[in-house]
Amino acid sequence: MTDSLDALEATIRARRTGDPDTSYVARLTHKGRAKIAQKVGEEATEVVIAAVTDDKPGMVGEAADLLFHLCVLLADAGLSLDDVRAELARREGVSGIAEKAARPA
Ligand SMILES: N=c1c2ncn([C@@H]3O[C@H](COP(=O)(O)OP(=O)(O)OP(=O)(O)O)[C@@H](O)[C@H]3O)c2ncn1[C@@H]1O[C@H](COP(=O)(O)O)[C@@H](O)[C@H]1O
């Protein structure tokens, strides 16, 4: 089943090499990895600001911006949402508390 993130990922892959005059994905990709990563950081900060001010509609909008820019960054690195899903599946059932306690000193 294709969800909205899968559809977004497919669109981003298709637009990466598009026309920077008409495609934001192409324009941002053209600016390079560092600029894409900077946008992810900015959008994450905006999620944090919305969260601490309890701006729920803002959180939804900023979270969408963050996920979108994260997908652009993953695509630029040749990574996919399935790579992230696989890592989350690997962690499934492993408590974060137990995992941290088992880390080498
Ligand atoms: N989901 C999004 C999406 N979310 C946010 N944005 C854009 O992300 C940009 C973020 O705005 P900012 O002001 O933070 O960034 P900026 O204008 O680059 O400013 P600077 O940081 O460079 O100064 C805006 O232009 C938003 O419109 C998105 N642009 C595209 N998509 C999806 O990607 C698809 C392909 O888009 P295009 O590549 O533009 O065809 C679209 O159909 C959508 O599904």
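Helices here are DSSP runs of H or I, at least four residues long, and strands are runs of E, at least two long, numbered from the N terminus.

**Overall fold.** I'm working from a predicted model. I counted elements and got six helices and zero strands. Reading from the N terminus, I get α-α-α-α-α-α. Next I looked up the radius of gyration: it is 16 Å, well over the 13 Å from the globule rule for 105 residues, so the protein is more spread out than a compact globule. I also boxed the C-alpha atoms along the principal axes, and they fill roughly 50 × 35 × 35 Å.

**Helix 3 against helix 4.** I picked this pair to look at packing. Helix 3 covers residues 33-52 and helix 4 covers residues 56-76; their axes sit 8 Å apart at an angle of about 160°. Angles over 145 degrees count as roughly antiparallel, so that is what I call helix 3 and helix 4. Their crossing is left-handed. On the helix 3 side, the contact residues include I36, V40, A44 and V47. From helix 4, I noted M59, A63, L66 and L73 among them. By class, the contact comes to 13 nonpolar, two polar and seven charged residues.

**Around the ligand.** Which residues are around the ligand? I listed L8, T11, R15, S23, Y24, V25, A26, K39, D65 and F68. Helix 1 (4-15), helix 2 (24-31) and helix 4 are the elements that each give two or more residues to this shell. I sorted the shell by class too: five nonpolar, two polar and three charged.

Conventions:
Residues numbered from 1 in each chain as written. Predicted model: local features only at pLDDT ≥ 70, side-chain atom pairs only at ≥ 80, totals over all residues. Axes fitted to C-alpha atoms, helices over the stretch in contact; angles between N-to-C directions. Parallel < 35°, antiparallel > 145°, perpendicular 65-115°, else oblique. Left-handed = near helix turned anticlockwise from the far one by under 90°. Contact = placed C-beta atoms within 7 Å. Nonpolar A, V, L, I, M, F, W, Y, C, P; charged D, E, K, R; others polar. Near = placed C-beta within 6 Å. Rg over C-alpha atoms; globule rule 2.2 N^0.38 Å.
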